[in-house]
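Please open the model in a viewer and keep the selection tool at hand.

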Amino acid sequence: MRPLSAGVAFFGLLEVGYRACLWSRAASRILFIIARVPAADANELYDSVRALPWEEHVDPGRTISVTARGANASLADTRFVALKVKDALCDRLRELGGARPSVAKERADVRIDVSVREMRATVSLDLAGEPLHMRKYRVPSQSIVAPLRETLGALLCLAAGWKGAGAGAGADASARPIHETVLLDPLCGSGTIAIEAALIALDRAPGLLRDYWGFTGWLGHDDKLWSELLDEAKMRAEQALHNFKQGTGEPLVYASDNDPAAVAVARKSAEIAGVDQAIDFSVADIAELAQNIPFLAAEASTTQKQLLVVTNPPYGQRLASASQLPSLYAALRSFVDPLLTQQPGELCIITTDESAQAYLGQEPLWQIETYNGPTEAAISFYSPRRLLEEQSADTSAVDPLDKEQFENRLKKMAQHRSKWARKNKVSCYRVYDADLPSFAVAIDVYEGAGPNEGARWLHIAEYAPPKHIDPALAKQRLAVVLSSAPRILDVPLTRVHLKTRKQAKGGSQYAASSQDAPASTSNIVAEGGLLFEIDLATHLDTGIFLDHRITRAMLREHAAGRDTLNLFAYTGTASVYMAAGKAKTVTTIDLSKTYLSIAERNMERNGFKGDNYPFVKADALQWVDTHHRGKQKYGLIFCDPPTFSNSTSMGKRTWDVQRDHAELLIALSHMLTPDGEIIFSTNLRSFTLDKDSLQNAGISTKDITTQTIPPDFERSKKIHHCYLLTSYRDSHE
């Protein structure tokens, strides 16, 4: 046997090839090499392939298909390579017998694989016919998105050392007792890992259910030999199942997920695979799982069984955002650490997220680089017992007293804030804001409304630690937050989002989070009797600034009967409040088409639609430059600009709120009615209002910051600055 860059080469009789097809759990294809031929260009490839003895392999009455891989300077198009090989094969057979095989796009009698590398091509028969991950037990379901491939699930189990009853399967396999290791997948999704583990444990060949092979139409096929191998595989499976039933009858594999639809699919797939009796499936959140598995219960803690946790996060339907993964890893750690440090056991996971080991709290003992579909991934093997030993001598580990102090503080604040929120009918609020310097995070609670009534989310923002703080310790503390907060605040892990706030050059409230995220996922919340769309996945800010809750209420109070203007409108929450305050008109301006679309949806879901509510896609600064001398006047203007902007749409100009705010506000004052007002806000903590310039321009100012800071932001007095401005000039140009 010889390892290759993407496979293994081995030699043997035909029986070896058949056994590989039937029994290989991790391979995708089994290729029988016919020849390696010169292939410097198309003509040489054609001549080389035509010279091969195809009459020994293909019956002209059968169907064929050709698949090509690789390339060289002259053969860059795999479709062209496949066509030349097909033509060479068919031309030879027609020349010898007057007939040629037909081409079949699916399930051809003979499948030919051609791999071009440099100046040569390897021509092979694909004995598997279809990829070997197609075990034929999976139940199709639209509720399961991109399930883990069966071969990858088996590879996880094998890499973790899972053997079960089929350890060293051979003539004496039936006499070997069931292994005393139990495998657990706490995030099982559609059950691939659990089913593959049970197939291994019950000595069932993964190819037993397949009804198509690439060798059955091959002239070299030995049907008698193949039938004997099938009979042997069936006998081994029957004997292993018999041994299992004669044993304790306890499950060999436990699998759980919080998605009932996924677990239902997993159960049905296991039944088709013939291994359902060996798997215990359950619907449970990982935080509640230990109490649902008998041998993990406290009264059964004396068991001698070893526990092997093998899983593929995330679970249920694919998570909406990478911002949800850290809490999942932290919960996984909280689940496995107590189990695997009290009894023999290990953890093996596959993940595409590089931050996994930080939240799991240790580096893996080893890793295997692989792919999960088209995405680079790593199979990682952990030993929580080793971690416990390391932490006993690790000065960077979180002090248990610090953890207890954080949890006590969070419980206290959760009780206080929830009572305040119920009394004041507030459904989205901050519950913790770096109350303890060593746990520098902000934790916000969002309660769903409308179509999301009853849902509850956590939005955790990590403040970047100072340079003098050990990054490893910061990650350890964050892991404590991620494992404790969902439990204390009673929020499912799939509704916990983590973001990291860093000092950004742009400083915009629109900044994206540090985690990569897919397309936004929107939910509905309520505030002040109004409905708003939030997106917890994509950006640092969710679509509604909670610290502006009182400011928005003030806008509603001041809007009645007035033409109003919302600049730098973002998702239009202020526009909705002004419309709800019976404004005569509400003009909403933002440069982002995406945010304007959300703003328009926010207005419509609250019943505000029509010509009185125009939306303008424009650079607010340029728009003010163009319109501030116009005839249109506004009785109320809300202006909450970014701290800094160097958007390409601004050309060479940049925006700095400290440097440029006076010029903007003076221009806006020319757009006010005689009794008009500007409510100006900024989140630059060091901001100082240029009162002199504004007073010289005939503008009076009132600092209303203190009265606009909500109680749940009382620890962050400088979360924003807010001012009420009016003009006392005799006339408005």
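Which helix is included in what covers the buried residues of H6? Helix H1, residues 14-23, is part of that cover. Please keep in mind throughout that the model is a predicted one.

**First stop: helix H6**

Select residues 223-246, which make up helix H6. These 24 residues reach 35 Å from the first C-alpha to the last, close to the 34 Å expected at 1.5 Å a residue. Next, colour the buried residues of H6, among them Trp226, Arg236 and Phe244.

Arginine 236 lies over the face of tryptophan 23, at 4.0 Å from the ring centre.

For one of them, select phenylalanine 32 and tryptophan 218: the pair is tilted, with 5.3 Å centre to centre and 50° between the planes. Phenylalanine 32 lies in strand S3 (residues 31-38) and tryptophan 218 in the loop between helix H5 and H6, so the pair ties together parts that are 186 residues apart in sequence. Phenylalanine 32 is partly exposed at 33% relative accessible area, whereas tryptophan 218 is buried at 9%.

Now move to phenylalanine 406 and phenylalanine 439. Their ring centres are 4.8 Å apart and their planes stand at 25°, so this pair is stacked. Phenylalanine 406 belongs to helix H11 (residues 400-424), and phenylalanine 439 to the loop between strand S15 and strand S16, so the pair ties together parts that are 33 residues apart in sequence. Both partners are buried: phenylalanine 406 has a relative accessibility of 0%, and phenylalanine 439 has 2%.

**Last stop: threonine 78**

Finally, select threonine 78 in helix H3, which covers residues 78-97. Is threonine 78 buried or partly exposed? Threonine 78 counts as partly exposed, because its relative accessibility is 31%. Leaving aside residues up to four places away in sequence, threonine 78 touches Ala68, Arg69 and Gly70. To end, display serine 115, which is 37 residues from threonine 78 along the chain; their C-alpha atoms are separated by 9.3 Å.

Conventions:
Residues are numbered from 1 along each chain as its sequence is written. This is a predicted model: local features need pLDDT of at least 70, side-chain atom pairs count only at pLDDT 80 or more; totals for chains, interfaces and linings use all residues. Side-chain values use heavy atoms; hydrogens and water are left out. Helices (H or I, at least four residues) and strands (E, at least two) are DSSP runs, numbered from the N terminus. Buried means under 20% relative accessible area, exposed over 50%, partly exposed in between (1.4 Å probe, protein chains only). Contact means heavy atoms within 4.5 Å. The expected span of a helix is 1.5 Å times one less than its number of residues. Rings of Phe, Tyr and Trp (its six-membered ring) pair if their centres lie within 6.5 Å; planes under 30 degrees apart count as stacked, over 60 as edge-to-face and the rest as tilted. A charge sits over a ring if NZ of Lys or CZ of Arg is within 6 Å of the ring centre and within 35 degrees of the ring normal.
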